[in-house]
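Subject: Structure handover

Hello,

Here is the structure for you to open. My notes on it follow below.

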Amino acid sequence: VSLDQTPSYEAISYTWGGQKPEIDIIIDDKHSLVTPSVFEIIRYRQSFFSDTYLWIDAVCINQSSRDDKNQQIALMRNIYQQSTRVIIWLGPRQSVKNSFDTFRMLIHLSFRASYGINQPFPTTLNASDPKWVSVMQMFSHPWFERSWIIQEVVASK
(Lines give C-alpha, C1' and ligand atoms only; values in the text may rest on other atoms or scores of the structure.)
Protein backbone atom coordinates (compact mmCIF):
# COMPACT_ATOMS: atom_id res chain seq x y z
CA VAL A 1 0.00 0.00 0.00
CA SER A 2 1.32 3.40 -0.93
CA LEU A 3 1.79 5.85 1.94
CA ASP A 4 -0.34 8.31 -0.03
CA GLN A 5 -3.31 5.93 0.10
CA THR A 6 -3.20 4.74 3.69
CA PRO A 7 -5.99 5.23 6.19
CA SER A 8 -5.16 7.00 9.45
CA TYR A 9 -2.94 4.78 11.58
CA GLU A 10 -0.89 4.74 14.75
CA ALA A 11 2.75 3.68 14.54
CA ILE A 12 4.03 1.56 17.40
CA SER A 13 7.55 1.92 18.75
CA TYR A 14 8.45 -1.11 20.88
CA THR A 15 11.04 -3.83 21.42
CA TRP A 16 10.91 -7.35 20.08
CA GLY A 17 12.60 -8.62 23.22
CA GLY A 18 14.15 -11.64 21.50
CA GLN A 19 10.73 -13.26 21.19
CA LYS A 20 9.81 -15.60 18.38
CA PRO A 21 6.52 -15.33 16.45
CA GLU A 22 4.29 -18.01 17.97
CA ILE A 23 0.77 -16.59 18.31
CA ASP A 24 -1.56 -16.98 15.35
CA ILE A 25 -3.68 -13.94 14.44
CA ILE A 26 -5.90 -13.23 11.44
CA ILE A 27 -5.45 -10.02 9.44
CA ASP A 28 -7.63 -9.50 6.37
CA ASP A 29 -8.61 -13.19 6.41
CA LYS A 30 -4.95 -14.27 6.41
CA HIS A 31 -3.18 -16.08 9.23
CA SER A 32 0.00 -14.54 10.58
CA LEU A 33 2.28 -15.46 13.46
CA VAL A 34 3.25 -12.67 15.87
CA THR A 35 5.37 -12.43 19.00
CA PRO A 36 3.72 -12.32 22.42
CA SER A 37 4.63 -8.62 22.75
CA VAL A 38 2.98 -7.76 19.41
CA PHE A 39 -0.12 -9.74 20.40
CA GLU A 40 -0.20 -7.79 23.67
CA ILE A 41 0.01 -4.46 21.80
CA ILE A 42 -2.84 -5.46 19.49
CA ARG A 43 -4.94 -6.67 22.41
CA TYR A 44 -4.47 -3.40 24.33
CA ARG A 45 -5.01 -1.13 21.31
CA GLN A 46 -8.06 -2.89 19.84
CA SER A 47 -11.42 -1.19 19.94
CA PHE A 48 -14.87 -2.65 19.64
CA PHE A 49 -16.25 0.78 18.74
CA SER A 50 -14.10 1.78 15.78
CA ASP A 51 -11.49 0.47 13.42
CA THR A 52 -7.97 1.05 14.68
CA TYR A 53 -5.12 0.73 12.23
CA LEU A 54 -1.68 0.05 13.64
CA TRP A 55 1.70 0.06 11.94
CA ILE A 56 3.80 -2.55 13.70
CA ASP A 57 7.03 -3.47 11.93
CA ALA A 58 6.80 -7.18 12.75
CA VAL A 59 3.38 -7.33 11.08
CA CYS A 60 3.71 -4.76 8.30
CA ILE A 61 7.14 -5.82 7.05
CA ASN A 62 7.58 -9.25 5.53
CA GLN A 63 10.30 -10.47 7.88
CA SER A 64 11.34 -13.28 5.54
CA SER A 65 11.95 -10.93 2.59
CA ARG A 66 15.20 -8.99 2.52
CA ASP A 67 13.81 -6.83 -0.31
CA ASP A 68 10.71 -5.89 1.70
CA LYS A 69 12.82 -5.12 4.78
CA ASN A 70 15.16 -2.87 2.77
CA GLN A 71 12.25 -1.08 1.09
CA GLN A 72 10.41 -0.53 4.39
CA ILE A 73 13.52 0.63 6.26
CA ALA A 74 13.99 3.31 3.63
CA LEU A 75 10.40 4.47 4.33
CA MET A 76 10.60 4.41 8.15
CA ARG A 77 10.86 8.16 8.63
CA ASN A 78 7.83 8.74 6.39
CA ILE A 79 5.90 5.94 8.09
CA TYR A 80 6.37 7.55 11.49
CA GLN A 81 5.81 11.11 10.18
CA GLN A 82 2.53 10.24 8.49
CA SER A 83 1.07 8.35 11.41
CA THR A 84 -1.62 10.10 13.46
CA ARG A 85 0.59 9.44 16.46
CA VAL A 86 3.45 7.26 17.62
CA ILE A 87 2.79 5.10 20.62
CA ILE A 88 5.81 4.12 22.68
CA TRP A 89 4.97 0.69 24.02
CA LEU A 90 6.85 -0.26 27.19
CA GLY A 91 4.37 -2.98 28.10
CA PRO A 92 0.97 -3.26 29.75
CA ARG A 93 0.12 -0.88 32.57
CA GLN A 94 0.94 -3.47 35.22
CA SER A 95 4.49 -3.86 33.88
CA VAL A 96 5.32 -0.16 34.22
CA LYS A 97 5.16 0.06 38.00
CA ASN A 98 4.40 3.35 39.65
CA SER A 99 3.86 4.96 36.25
CA PHE A 100 1.94 7.86 37.79
CA ASP A 101 4.91 8.70 40.06
CA THR A 102 7.28 8.32 37.12
CA PHE A 103 5.44 10.74 34.88
CA ARG A 104 4.80 13.18 37.70
CA MET A 105 8.55 13.25 38.42
CA LEU A 106 9.40 13.65 34.72
CA ILE A 107 6.91 16.52 34.36
CA HIS A 108 8.43 18.16 37.43
CA LEU A 109 11.95 17.86 36.00
CA SER A 110 10.80 19.08 32.59
CA PHE A 111 9.06 22.07 34.17
CA ARG A 112 12.21 22.98 36.11
CA ALA A 113 14.32 22.77 32.95
CA SER A 114 11.81 24.62 30.72
CA TYR A 115 11.35 27.55 33.06
CA GLY A 116 14.98 27.86 34.12
CA ILE A 117 14.30 27.11 37.75
CA ASN A 118 17.81 27.07 39.12
CA GLN A 119 17.07 25.91 42.61
CA PRO A 120 19.73 23.53 43.77
CA PHE A 121 18.83 19.96 43.09
CA PRO A 122 19.59 17.52 45.90
CA THR A 123 23.20 16.41 45.57
CA THR A 124 22.26 12.97 46.75
CA LEU A 125 19.14 11.15 45.72
CA ASN A 126 17.50 8.59 47.90
CA ALA A 127 17.74 5.58 45.62
CA SER A 128 15.00 3.84 47.60
CA ASP A 129 12.50 6.70 47.10
CA PRO A 130 9.63 5.11 45.11
CA LYS A 131 9.52 8.10 42.73
CA TRP A 132 13.17 7.68 41.75
CA VAL A 133 12.92 3.89 41.66
CA SER A 134 10.07 4.17 39.16
CA VAL A 135 12.03 6.63 36.99
CA MET A 136 15.11 4.36 37.05
CA GLN A 137 12.96 1.32 36.20
CA MET A 138 11.40 3.11 33.26
CA PHE A 139 14.72 4.26 31.80
CA SER A 140 16.21 0.79 32.25
CA HIS A 141 13.59 -0.63 29.87
CA PRO A 142 15.21 -2.16 26.74
CA TRP A 143 13.28 0.30 24.53
CA PHE A 144 15.70 3.05 25.59
CA GLU A 145 18.66 0.99 24.30
CA ARG A 146 17.40 0.92 20.71
CA SER A 147 19.06 3.34 18.29
CA TRP A 148 15.89 3.44 16.12
CA ILE A 149 13.95 5.27 18.86
CA ILE A 150 15.60 8.55 17.88
CA GLN A 151 14.14 8.41 14.37
CA GLU A 152 10.79 7.09 15.59
CA VAL A 153 10.33 9.82 18.19
CA VAL A 154 11.81 12.72 16.21
CA ALA A 155 9.71 11.87 13.15
CA SER A 156 6.49 11.62 15.17
CA LYS A 157 3.97 14.44 15.34
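**Strand S1 and its sheet**

Strand S1 is covered on both faces: Glu10 and Ile12 are buried on one side, Ala11 and Ser13 on the other. Buried means under 20% relative accessible area, exposed over 50%, and partly exposed in between (1.4 Å probe, protein chains only). Helices (H or I, at least four residues) and strands (E, at least two) are DSSP runs, numbered from the N terminus.

First, the ground rules. This is a predicted model, in which local features need pLDDT of at least 70 and side-chain atom pairs count only at pLDDT 80 or more, while totals for chains, interfaces and linings use all residues. Residues are numbered from 1 along each chain as its sequence is written, and side-chain values use heavy atoms, with hydrogens and water left out.

Back to the sheet. Three strands form an open sheet in the order S4-S1-S5, with parallel pairing. S4 (54-55) and S5 (85-88) are the edge strands, each with a single partner, so one side of each has no neighbour in the sheet. Two strands pair if DSSP finds at least two bridges between them. S1 (residues 10-13) has two bridges to S4 and four to S5. Alanine 11 sits opposite tryptophan 55 in S4. Glutamate 10 sits opposite arginine 85 in S5.

**Serine 37**

Serine 37 lies in helix H1 (residues 36-45). Is serine 37 buried or exposed? Serine 37 is buried, at a relative accessible area of 10%. Its side chain makes a polar contact of 3.2 Å with the side chain of threonine 35. A polar contact is a pair of N or O atoms within 3.5 Å; within protein, one must be able to donate a hydrogen and the other to accept it, and residues adjacent in sequence count only if both atoms are side-chain atoms. Leaving out residues up to four places away in sequence, serine 37 touches Tyr14, Thr15, Trp16, Gln19 and Trp89. Contact means heavy atoms within 4.5 Å.

**Helices**

In H5 (residues 130-139), Trp132, Ser134, Val135 and Met138 are buried. They lie on the same side of H5, because they cover an arc of only 160 degrees around the axis. That arc is taken from the directions from the helix axis to the C-beta atoms.

H3 (residues 66-82) meets H6 (residues 148-155). From H3 come Ile73, Met76, Arg77, Tyr80 and Gln81; from H6 come Trp148, Gln151, Glu152 and Ala155. Five of the residues in this contact are nonpolar, two polar and two charged.

Best wishes

Conventions: Ala, Val, Leu, Ile, Met, Phe, Trp, Tyr, Cys and Pro count as nonpolar, Asp, Glu, Lys and Arg as charged, and the others, Gly among them, as polar.
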